[in-house]
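Good morning, and thank you for making time for this item.

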Amino acid sequence: MMASSDSRLQQQPSQKDAADQNFDYMFKLLIIGNSSVGKTSFLFRYADDSFTSAFVSTVGIDFKVKTVFRNDKRIKLQIWDTAGQERYRTITTAYYRGAMGFLLMYDITNQDSFNAVQDWATQIKTYSWDNAQVILVGNKCDLEDDRLVPTEDSQRLAEELGFQFFEASAKDNINVKQVFERLVDVICEKMNESMEGDINLISNHRNQGLQDSPPESQGSCAC
C-alpha cells in the first residue's frame, strides 16, 4: 500500500486476483480525500485488521482485494487507495471511471481536509459514473479532544451532497467495517433498482408492442 517508487503508479491487479472468478459480483471502490486523513490506515484496518501509527504518504495509487458475502452473494471488492497530493491528481482521477463506490474521507481534526470535501465531490461528479455511490467519512474520531470539525457540520454537508455519513476511527476500529458494508449494500440496492427498471422497461415495450400490432383480419384465409 505504501509504494516506494513511481513504478507502482500504474499497478494493476495481480494475475492471481484477476483470474479469481469465484464471485458473483466485483465492485471497484475508491478511497479519496486529502493527504494524511488516514485513507491507507482505513483500508489496512478493513482488509488486514491492522494499524500502524507510522505515516508514509501513498505514491500514486494502490489497491487491496477483499471478498465479502452480502445477501447470499459473494462479492469481490477491489479497493483502491489514492494519493491525496495534488501532483498525483491526474493519475488518480483516471481510476474514477468504472468505480461503483467512493469513500470520501476527511480528518475531524483537520479543518482544511473538511473544506476540501466539496472539491472532491465535484471530482467524483466529473470523472466517475453518474450512479456511483458515495459515503462521507470523518476519520480519526478517536481524537475527540482535538476535534475541529463539528459532527453537525458534516451531517449538513452530507445531506446537501446527497451522501451518507459516518464518523470512524481506523486506529480504534470504529465503524470501519460498517462503512464498507453500508457502501456495498447501497451499491447492491441501486443495482437491484436498475435491474428492476430494465425488466419493467422491457415488459412495457413488450406490452406496447402487443397493443400496437395490427389486429388480425377476421376474414383472412387460413390456407
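**Buried rings and their surroundings**

Tyr106 and Phe114 are both buried, a word that I use for a relative accessible area under 20%, with exposed meaning over 50% and partly exposed anything in between (1.4 Å probe, protein chains only). Before I continue, a word on the source: this is a predicted model, in which local features need pLDDT of at least 70 and side-chain atom pairs count only at pLDDT 80 or more, while totals for chains, interfaces and linings use all residues. Residues are numbered from 1 along each chain as its sequence is written, and side-chain values use heavy atoms, with hydrogens and water left out.

How confident is the predictor in this chain? The average pLDDT, which is the predictor's confidence in each residue on a scale from 0 to 100, is 80 for the chain, and 72% of the residues score at least 70. Over residues 1–19 the pLDDT is below 50, yet beyond near neighbours in sequence this stretch has 44 contacts in the model; a contact means heavy atoms within 4.5 Å. Residues 205–223 also have a pLDDT below 50, and beyond near neighbours in sequence that stretch has zero contacts in the model.

Let me turn to the overall layout. The chain contains seven helices and six strands; these are DSSP runs, H or I of at least four residues for helices and E of at least two for strands, numbered from the N terminus. Along the sequence they follow the pattern α-β-α-β-β-α-β-α-α-β-α-β-α. Of the 223 residues, 43% count as buried. Among contacts with a separation of 6 or more, 77% are between residues 24 or more positions apart.

Next, the aromatic residues. In general, a pair of aromatic rings is described by the distance of the centres and the angle of the planes. Here, rings of Phe, Tyr and Trp (its six-membered ring) pair if their centres lie within 6.5 Å; planes under 30 degrees apart count as stacked, over 60 as edge-to-face, and the rest as tilted. How many such pairs does the whole structure hold? The search finds eight aromatic pairs. In one of them, Phe63 and Trp80 have ring centres 4.8 Å apart and planes at 40°, so the pair is tilted. Phe63 lies in strand β2 (residues 61–70) and Trp80 in strand β3 (residues 73–82), so this pair ties together parts that are 17 residues apart in sequence. Phe63 is buried at 11% relative accessibility, and Trp80 is buried at 2%. The rings of Tyr106 and Phe114, with which I began, have centres 5.1 Å apart and planes at 65°, so that pair is edge-to-face. Phe42, Tyr46 and Phe180 form one aromatic cluster.

Ser113 is in helix α4 (residues 111–115) and is buried at 1% relative accessibility. Which backbone atoms does the side chain of Ser113 reach? There are polar contacts, meaning a pair of N or O atoms within 3.5 Å, where within protein one must be able to donate a hydrogen and the other to accept it, and residues adjacent in sequence count only if both atoms are side-chain atoms. The side chain of Ser113 reaches the backbone nitrogen of Asp107 at 2.9 Å and the backbone oxygen of Asn110 at 2.7 Å.

Asn139, in strand β5 (residues 133–139), is buried at 2% relative accessibility. A polar atom of the Asn139 side chain lies 2.9 Å from the backbone oxygen of Val37, and the side chain also reaches the backbone nitrogen of Ala170 at 3.3 Å. Leaving aside neighbours within four places in sequence, the contacts of Asn139 include Phe42, Tyr106 and Asp107.

Finally, Val149 is placed in the loop between β5 and α6 (151–161) and is buried at 0% relative accessibility. The C-alpha atoms of Val149 and Ser113 are separated by 9.6 Å, although the two residues are 36 residues apart along the chain.
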